[in-house]
Amino acid sequence: MAEETFLTDDFLRQLINVGEVDILVGLPTHNNAKTIGSIVKTIQEGILRWFPRERAVIINADGGSRDGTPELVTGISIDDVRPGSNLNALRTLHAISTRYGNSPESKTAIRTILSAAELLQAKACVVMSPESSTIEGEWLAKLLRPVRNEGYDLVSPAYRRHKFEGLLITNLLYPMTRALYGVRIREPYAQEFGFSGRFGGEFLTQNKWADATDGDGTELRFTLAAITGQHRTCQVFLGQKEYIERRGSDLVPALRQTVGPLFSAMEPDFPMWSAVAGSQPGPTLGPDHEVLLDPMRINRKRLREMFSTGVSELASVFQSILSPSTLEELRAIAGMDEADFHYSAELWAKTIYEFAASYQKAVISRDHIIQSLAPLFRGRALTFITENRNGSAEDVEKNIEILCLEFERLKPYLLQMWKSRE
Amino acid sequence: MREMIISELSQAAHELARGFAHYLPRLIVMLILGFAGWAAAYVVKILLRSILRLIHFDRLSENAGASQLLTKAALPPATEVVSRFVFWLVWLGFILLGVSVLGILGLQEQIGRFFFFLPRLFVAMFLMFFGLLAASFFSRAALLAAVNANVPSPKLLSLAVRSIIIVFVLSVVFEELGLAEQTMLVAFGIAFGALMLGLAIAFGIGGRELAQQFLEKRFVREKKEANEDELSPL
């Protein structure tokens, strides 16, 4: 209940008016007027269709939208959903919006949602992304039912993705979390996920919200907290997810949101991950992935150029982070023609492990370590694209599995690096 | 006559003996201070070395770029240099204290000046170290941002950032030490002005082709990007 002080009086008053709820839908937003209307309608439809008897609330945590997003969330009436849908509301469906700041920050948005869930004593909660254009009402049921009916604490999503979509997840986050924690979660950094009120409350108490160095990436911390806390986790296949606006060039912020929290979690989680070997598949409702093979026009030459430039220009930075042998191999790759270019799974896994060990020891500014990974990731992405250019869904999955196994095989190397730098 | 000479000689010997007796305790005090100073300086050196190792000062110095300078000058690591420097400073302080006990006129004032100068020396060293650290941090930040934004000549940009900060830090350090303030001020003005002028000329004349290539590259890439799919990392 200490979280009460963090929430505004007005928001607290609105929460008190709502009373206890069974289901809470969290909606973190920032200038999402383009999509938010249809998303709120879909959420309302999902609640009416799948949970008509439950007491439900939509909590919008807004990061200072200037396009009227919060007004759109609270302004949509449940009557807008009903026409022609044969859906009837048995209970009042509340929608509350609160502004937590003037700029978006996933940490504060999630903290707001978790605080509200704790105060309203919500049994099952779900966080939905405000950016998707293909969200379905059924997603709500898929993410909430395992919590409501089967006692899971965290429900991670699985999507139908293009084979070259989410390369940071397939080439780094998934293989590394799998190798570290021994749990196979395809989307460790999820923007849509379900969770129990119990686990949400526990995370709210345990997470270091005041730590300014933590920054963003709370979604990933949430997944890792469920794993390390030995909570019941599962995956559920949602379907295809499309974004209204792609954020292709935002590689450095993406690295900060995902790789930063993953590396920083390794230090407190060391007793756990150092004792894990191999990995086990977790419970999954539906397939754990699906791959789209549509042709995609990717500028591979540019990827190679940015990799080579990065390796040569950042040599002084890499000398502080990487071992001489790894750096030498990277230099050799940087000098290769596009046709011969190959950033192997083994070298990539070694690179990431050396980065993780250097991050822990803060050999240079941690943010600089994360930033310097960007050109190397482009090199690895180029190899993945080349390997799977004409590959089938099975080939793509096979290559991801090879990479994951390489991360698992080289885990003793990570431990060695970790200890040698102590 | 003979008696007079003997008397003068004995008086002189007497005065010498008295003078020697007068100075001997002071000399002994000076020697004691010298030895005690050595012992104190040694203890300070050992303690300081341990503390610096504990806080990974060598790594800090490496980040600041000071270690590279030391290596080039064939000097030991930063921890060793700092602890040795402090050792000599402490010992020298004790020796000067001992010398001042001798009460030699003229020397007292110089010793006083030395002790007055010490705080400024420490502040200057502090400014220099953190200035180098800031120069290293910001030049690396510029380098990373330029590489990730695919800006041409990222190293040049990084070097420019580092040079500007170091020139600024040096001018502040010299001002703090009170050494050639006017000269440093003029030198800083000239160096900074020359750098800006150089950059302007380089951009306007020398970098004409580079600027053209850069703009062409940007323009062509933008055209290409219209036909390309963007990769989403997440």
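This is a predicted model: local features need pLDDT of at least 70, side-chain atom pairs count only at pLDDT 80 or more; totals for chains, interfaces and linings use all residues.
Student: What makes chain A as compact as a globular protein of its length?

Tutor: Start with its elements: chain A has 18 helices and 11 strands. Its radius of gyration is 22 Å, and the globule rule gives 22 Å for 422 residues, so chain A is as compact as a globular protein of that length. Along the principal axes, its C-alpha atoms fill a box of roughly 65 × 45 × 40 Å.

Student: How many of the residues in chain A are buried?

Tutor: Buried residues account for 50% of the 422. The cut-off is 20 or more other C-beta atoms within 10 Å. Take the contacts in chain A between residues at least 6 apart in sequence: 87% of them join residues at least 24 apart.

Student: What are the corresponding values for chain B?

Tutor: In chain B, 15% of the 234 residues are buried. Of its contacts between residues at least 6 apart, 65% join residues at least 24 apart. Chain B has eight helices and zero strands. From the N terminus, its elements read α-α-α-α-α-α-α-α.

Student: Why is A:Gln360 called partly exposed?

Tutor: Count its neighbours. A:Gln360 has 19 other C-beta atoms within 10 Å. Buried needs 20 or more, and exposed needs 12 or fewer. The count of 19 lies in between, so A:Gln360 is partly exposed.

Student: Where is A:Gln360, and what does A:Gln360 touch?

Tutor: A:Gln360 belongs to helix α14 of chain A, residues 345-361. Setting aside residues up to four places away in sequence, A:Gln360 touches A:Met266, A:Glu267 and A:Trp418. A:Ser264 is 96 residues away in sequence, yet its C-alpha lies 7.0 Å from that of A:Gln360.

Student: What makes strand β2 of chain A mostly covered?

Tutor: β2(A) spans residues 56-62, and seven of its seven residues are buried. Check each face. On one side, A:Ala56, A:Ile58, A:Asn60 and A:Asp62 are buried. On the other, A:Val57, A:Ile59 and A:Ala61 are buried. Both faces are therefore covered. In a regular strand, side chains alternate between the two faces of the sheet.

Student: How do you know that β1(A) and β2(A) pair?

Tutor: Pairing needs at least two bridges. Strand β1, residues 23-29 of chain A, has seven bridges to β2(A), so the two pair, in the parallel sense. A:Thr29 stands opposite A:Asp62 in β2(A).

Student: Which strands are joined to β5(A), and in what sense does each run?

Tutor: Take β5(A), residues 154-162, against each in turn. Two bridges join β5(A) to β7(A), residues 193-196, and these run antiparallel. Two is enough, since the cut-off is at least two. A:Leu154 faces A:Phe195 in β7(A). Seven bridges join β5(A) to β8(A), residues 233-240, running parallel. Here A:Val155 stands opposite A:Cys234. Three bridges join β5(A) to β11(A), residues 290-292, also parallel. There A:Arg161 stands opposite A:Val291.

Student: Which residues touch the most other members of the largest nonpolar core?

Tutor: A:Ile23 and A:Leu24 do, in a core of 134 residues. Beyond four places in sequence, the contacts of A:Ile23 include A:Ile47, A:Phe51, A:Ala122 and A:Leu144. Another core lies apart and has seven residues, among them B:Leu52, B:Phe57, B:Ala66 and B:Val82. In soluble globular proteins, nonpolar side chains tend to be buried together.

Student: How does the domain assignment divide chain A?

Tutor: Domain 1 covers 2-292 and domain 2 covers 300-420. Their C-alpha centres lie 30 Å apart. Each domain gives 24 residues to the contact between them. On the domain 1 side, α6 and α9 of chain A each give two or more residues. α6(A) gives the most, with nine residues. That side has 14 nonpolar, six polar and four charged residues.

Student: What makes up the contact between chain A and chain B?

Tutor: Chain A supplies 34 residues and chain B supplies 21. On the chain A side, the helices giving at least two residues each are α6, α9, α11, α15 and α16. By class, the chain A side has 18 nonpolar, 11 polar and five charged residues.

Notes: Residues are numbered from 1 along each chain as its sequence is written. Chains are lettered from A and ligands numbered from 1 in the order in which they are written. Two residues are in contact if their C-beta atoms, placed from the backbone, lie within 7 Å. Helices (H or I, at least four residues) and strands (E, at least two) are DSSP runs, numbered from the N terminus. Ala, Val, Leu, Ile, Met, Phe, Trp, Tyr, Cys and Pro count as nonpolar, Asp, Glu, Lys and Arg as charged, and the others, Gly among them, as polar. Domain bounds come from an automatic or database domain assignment. A nonpolar core is a set of buried Ala, Val, Leu, Ile, Met, Phe, Trp, Tyr and Cys residues joined through C-beta atoms within 7 Å. The radius of gyration is taken over C-alpha atoms; the globule rule is 2.2 Å times the number of residues to the power 0.38.
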